[in-house]
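Below are my notes on the model you sent.

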Amino acid sequence: MTTIGFPPGFAWGAATSAFQIEGAVSEDGRGPSIWDTFTARPGRVVGGETGEVAIDHYHRYRDDVKIMADLGLSAYRFSVSWPRVQPAGSGRVNPEGLDFYKRLVDELLEHGIDPWLTLYHWDLPQPLEDAGGWPVRDTAYRFAEYAHLVHEALADRVHTWATVNEPWCAAFLGYASGEHAPGRREPVSAIRAAHHLNLAHGLAVQALRPSRVGGCVNLYAISPATEDDHDAARRIDGLQNRLFLDALLKGAYPPDVLRDLDMDLGFVHDGDMEIISTPIDLLLVNYYSRFTVSQQPGGAASASAAPTDSGSPWVGSEHISFSGGGRPVTAMGWEIDAGGLLEVLTRLRDEYPAIPLVVSENGAAFDDTLTGGRVHDAERIAYLEDHLKACLDAIGHGIPLEGYFAWSLMDNFEWAWGYGKRFGLVHVDFGTQARTPKDSALWYAEIIRQNKAHEPTDS
Ligand code: FCB
């Protein structure tokens, strides 16, 4: 196989998130999150599906850890549900919620799997949204308190911590396009949310010391569709990638993005950028696809227009279209381009201060079918193999890549798409909750086994 030769100690993982898998939304003192509220609103999620049961991981976590062990995973990235451990988002802690994560982590450790804990994967406690949500500065301080209390409970057994998963999605899908919870369409609020999510990250990094801490961003390779579209590519790259990377790693927002947005930045206080750029130990990179972008006719005239309420996540850059570059797509319609992963990792090395990197999510949805106890998901295997090759190339080029986490361990609740989009290595029958490793799971297990077999032994 061509994906052998990863360095010893490379983290071989899979990732999930709390709301997408746990279910048990009203058990053991959990409070409501914005995703509970959002999924209850008609028309927000395909088929009206909710996270009420999800894949029942809250009750089946032991079986699920056993599946991870059978695959030979060395690491598992999961998220903690804030409303499970602090139901109102501030104040009272729910010990039963914390106990769940203690049990999960103990189970992982017993199976020799390193727990990688993400504090926020989009399930904001509803009372904090009622108080204004991420557009309000106070939410960042509440997050720092929550980070501290989870750390107190779990720092003895969790060594790698991530703060906020994909702040781009939380800010722009949550508050500009409204495609995600809380479903607001307020472009200015989305920019405020982005800043406060960045601030929350920085404050949490400080609260989580001395543990190993990273931030987590979703990065895209971005190309102009034609020679005339370089400015469109610059703008989308600015909002998608640099607004977060420059803040976290360079301590400043990119001037061209601020110019494009052309808005009052009074919510950025003195000292915020220093907090946001508090040094981190690693950067978690979620990579799925490439965007090929073009300026729509007539769009250039509005290039510096202030944000309008268009329902687009591309605040201030609504006149840019995503044309696709002619490559095959997944069931999400996302273009498959493993070369883009190498491009993104190379860019991090070339344009940002040196920092260890991890691919913390990568994977694809396809229309899988379970027949005779098997799922022959050759397309997913090809996707994973191509992206793992890109990782190996990156390492060959001296890029400090320390791990890879497939998204996702199991089929689960894919946000506004409900249960219709299957990303798992493991198939889940949502009626019976039966888990069946797909061919891709067996393939991934073999890659892990062969790489581990090539590692020097301890003795
Ligand atoms: C990422 C999310 C993850 C999942 C994958 C497909 O943006 O972090 O929860 O939805 O996309």
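**Notes on the model**

1. Trp 12 has a relative accessibility of 1% and so counts as buried (buried is under 20% relative accessible area, exposed over 50%, partly exposed in between, with a 1.4 Å probe and protein chains only). Phe 10, at 4%, is also classed as buried.

2. This is a predicted model, in which local features need pLDDT of at least 70, side-chain atom pairs count only at pLDDT 80 or more, and totals for chains, interfaces and linings use all residues. Residues are numbered from 1 along each chain as its sequence is written, and side-chain values use heavy atoms, with hydrogens and water left out.

3. The aromatic pairs number 37 (rings of Phe, Tyr and Trp, the last by its six-membered ring, with centres within 6.5 Å; planes under 30 degrees apart are stacked, over 60 edge-to-face, the rest tilted). One of them joins Phe 10 and Trp 12 edge-to-face, at 5.0 Å between centres and 65 degrees between planes. Phe 291 and Phe 322 form another edge-to-face pair, with centres 5.0 Å apart and planes at 90 degrees.

4. Which residues surround the ligand? They are Gln 20, His 121, Trp 122, Asn 165, Glu 166, Tyr 288, Glu 361, Trp 407, Glu 414, Trp 415 and Phe 423 (a heavy atom within 4 Å). By class, this shell holds 5 nonpolar, 3 polar and 3 charged residues.

5. For His 121 the separation is 2.8 Å, for Glu 414 it is 2.8 Å, and for Asn 165 it is 3.1 Å. The protein buries 95% of the 290 Å² that the ligand exposes when taken alone (Shrake-Rupley method, 1.4 Å probe).

Key. Polar contact = N/O pair within 3.5 Å; in protein donor to acceptor, adjacent residues only side chain to side chain. Nonpolar A, V, L, I, M, F, W, Y, C, P; charged D, E, K, R; others polar.
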